[in-house]
Amino acid sequence: MTDSSALDLDPEDRKIVTLARSARARNGVPEGAAVRDETGRTYVAGTVGLDSLKLSALRTAVAMAVASGAKSLEAAAVVTEADLPAEDLAAVRDLGGPGTPVHLATPDGTLRETRPA
């Protein structure tokens with residue numbers, strides 16, 4: 001589905017878009033991401049760009065969820081100007097399953113699309 005505004009999302013999904021947007025802005029990184037696990041807990045991350053470690057914001061958020069004991073994901077959100085690489089969707093799919101919604105938003109919070117992991 002393609003929507004023009006994050007306002008079309010339910011409140012919990014709007015929340016993770018807002019958290020992802022905040023992480024991107026606060027940390028001055030190319031991407032911000034947030035995921036929500038099966039208990040409603042959220043994990044927020046920005047792009048990791050060390051010389052020895054490069055991770056997208058979404059893969060970092062998924063790793064944080066796994067490291068915190070999450071068993072599944074309900075939804076994910078990414079705020080970026082770029083498209084999502086297949087590896088990002090695969091990380092969400094590994095923990096949440098193939099139907100997990102991934103919301104892709106622009107830096108101003110406009111929802112570009114929602115796609116299944």
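Contact here means heavy atoms within 4.5 Å. This is a predicted model, and I'll start with one residue in it.

V35 touches R41, T42, Y43, L58, A61, V62, A65, L73, A75 and A76, leaving out residues up to four places away in sequence. Where does that put V35? In the largest nonpolar core, which has 21 residues. V35 is among the members that touch the most others, together with L58, V62, A65, L73, V92 and V102. In soluble globular proteins, nonpolar side chains tend to be buried together.

Which elements build this core? At least two residues each come from β1 (32–37), β2 (42–46), α2 (57–67), β5 (73–79), α3 (86–96) and β6. Helix α2 gives the most, with five residues. There is also a second core, separate, with 10 residues, including L9, I16, V17 and A77.

Beyond its neighbours within four places in sequence, L19 is in contact with A34, T42 and V44. T42 is also on the list for V35. From L19 to D37 is 18 residues along the chain, and their C-alpha atoms are separated by 14 Å.

Last, the hairpin. Strand β6, residues 101–105, pairs with strand β7, residues 111–116, in the antiparallel sense, over five bridges. L104 has E113 in β7 as its bridge partner. Five residues sit between the two strands, and in this hairpin G109 takes a positive phi near 95°.

Technical notes: Residues are numbered from 1 along each chain as its sequence is written. This is a predicted model: local features need pLDDT of at least 70, side-chain atom pairs count only at pLDDT 80 or more; totals for chains, interfaces and linings use all residues. Side-chain values use heavy atoms; hydrogens and water are left out. Two strands pair if DSSP finds at least two bridges between them. Helices (H or I, at least four residues) and strands (E, at least two) are DSSP runs, numbered from the N terminus. A nonpolar core is a set of buried Ala, Val, Leu, Ile, Met, Phe, Trp, Tyr and Cys residues joined through side-chain atoms within 4.5 Å. Buried means under 20% relative accessible area, exposed over 50%, partly exposed in between (1.4 Å probe, protein chains only).
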